[in-house]
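Let's take a walk through a protein together, one piece at a time. Keep the picture open beside you as you read.

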Amino acid sequence: MIDSTFLRALSMAALISVSLPLSPLFAEDVEETTAAVEAQDSESQTPVVTDQIQVTDDWPVVPAVRILSRDELPEVPLGDGADLLRGVAGVSIGRMGGHGLEPRVRGLGEGSLNVQVDGAFVHGGCPNRMDPPTSFATPNAFDEVTVIKGVQSLRFGPGGTAGTVLFERNVPVFSEPTDWRAEIATAYGSWHKDPELGVDAALGVGKFFLRAQGGTRAFDSYEDGNGDVVRSAFESQHANLMLGYGKAETGQLELGIEAVRTDDALFAGAGMDSPEDAADTFRLKLRRSEPWIGLTDLRADLYYSAVDHLMDNYSLRQLTAPMAMRVPSTSDTTGGRASAERQVSDGLTLSIGFEYQENRRDALRYAGPNPEMIGMLQSVMWPDATLGQGGLFLEGVQSLGTNSRLVLGGRFDRFTADARKADVKPAGMNRSPNQLYELYYGYQSEDWSAAEWSGLIRYERFLKPQLTLFTGLSRSARAADTTERYLGSNNM
């Protein structure tokens, strides 16, 4: 793990320009015609650094998402990346505290919602979902946020019945062969413990580019309308480094390293708090915009994310439970994908790609009569479980004149699952995971695999700006996640 001292040092770096205030933005739905989208794309430029999030709406066209300017929205603190989605119609947010918000699209969330953080899947390390994937998307660290409701494409992983959320960063663009830009932004409100600080800097030398980001935030608990304190405080720091070669208009190779830390997070809606949550993500991206052997928009991504999480019921609150408990847990994800497009005719574009993802999670709950005597293994909550997935997809978009199009797609996925600690017996009368499964379900865990297919047919007609008529039929399949499949907890 990257030391948090490095994060604070980067966040406090002295830079040149100041922009006040720093506040990521909410979103609202805007459905645009193809012509309007193309016109907007031709006029827009990729920003180097910015304190405002811009929306990507070139694909898919429906529904596009526009991020409002800050002046149009109330100045409120944002707990994490999920807070950016509050203004999107059909999106609701659940919370246990001020951080770790849980987004739902049309009532569905968790494993039904695919979330990519700058091209990577980052799965949280908490069995109680104190850190869903959007909690690793620091609000002021991304240039674009795309919300896709429901199954409108098969490109972004299996399942996605609720939809897909993409947090993305742009490649720096410079006007001179050697150029640099830097920005520092800050904000302070009544809920802040300390001023919020964000840094975004970019350097370009020929075809080489470097972009560095950092930030720190500290929020206090707030008082409700009755004057009661709601436990929701947390502190967080993030740092991101992007090093690459190439140009956005032709293609580039990029290496990224990102660290996100959340400390002393209080959760009024849970029986525990989280003293520590740390995520390190490594990314390697290859993009090629110029045609190659008849293919366009070639993309390849490799990523690895490591999450370490700790929750307990005594370090950040008064111990009122019969036993002091702590749960250290880990979640490591390795994955990659490759895709390309081919223009078959003037009106037909085919997309093809494959991806692989493997997530390994482990969580043990320890207990003791007091915080100084916690040494008894009480539950194997995640039994060192590994879930794997590999998939292929083929998708075509057929233009039907200037105002309508037809989307057809198919996807094949193979899923696997196993648990290495299913027979580990906790202390005393506590049961092992397999004993718990036998007690409640009537069977024990076994290595599992399955092959599933997904399909999509969708017709879209653009009637006028901000009005689109569409109808579709889809089938999507996903595997149960680690908590759904393997959670084991010895309770009274």
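**Strands, cores and cavities**

Start with strand β4 (residues 91-94) and strand β5 (residues 102-105), which pair in the antiparallel sense over four bridges. Before going on, know that this is a predicted model, where local features need pLDDT of at least 70 and side-chain atom pairs count only at pLDDT 80 or more, while totals for chains, interfaces and linings use all residues. Residues are numbered from 1 along each chain as its sequence is written, and side-chain values use heavy atoms, with hydrogens and water left out. Strands here are DSSP runs (E, at least two residues), as are helices (H or I, at least four), both numbered from the N terminus; two strands pair if DSSP finds at least two bridges between them.

Back to that pair: G94 stands opposite E102 in β5. β5 then pairs with strand β6 (residues 108-109), also antiparallel, over two bridges, and V105 has L108 in β6 as its bridge partner. The hairpin of β5 and β6 has two residues between the strands, and R106 takes a positive phi near 55° there.

Next, find the open sheet of three strands, in the order β7-β9-β8, with mixed pairing. Its edge strands, β7 (113-117) and β8 (144-149), each pair on one side only. β8 and strand β9 (residues 163-168) run antiparallel over six bridges, and E144 stands opposite E168 in β9.

Now for the greasy parts. A nonpolar core is a set of buried Ala, Val, Leu, Ile, Met, Phe, Trp, Tyr and Cys residues joined through side-chain atoms within 4.5 Å, and buried means under 20% relative accessible area (1.4 Å probe, protein chains only). The largest core has 24 residues, of which V165 and F167 touch the most other members. β4, β7, β8 and β9 are the elements that give two or more residues to this core, and β7 gives the most, with three. Look at F167 itself: leaving out residues up to four places away in sequence, its contacts (heavy atoms within 4.5 Å) include L84, V115, F142 and V145. A second, separate core of 16 residues includes F234, A265, M325 and A363.

Finally, which residues lie nearest the centre of the largest cavity? They are G111, H123, Q357, A479 and D481, out of 29 lining residues. A cavity is a set of points on a 1 Å grid over the protein atoms alone where a 1.4 Å probe fits but cannot get out, and lining residues have an atom within 4 Å of a point. β21 (376-399) gives the most to this lining, with four residues.

Conventions:
Buried < 20%, exposed > 50% of the residue type's maximum accessible area, 1.4 Å probe, protein only. 1 Å grid on protein atoms, 1.4 Å probe; cavity = no way out; pocket = protein on both sides within 12 Å on 5 of 7 lines; lining within 4 Å.
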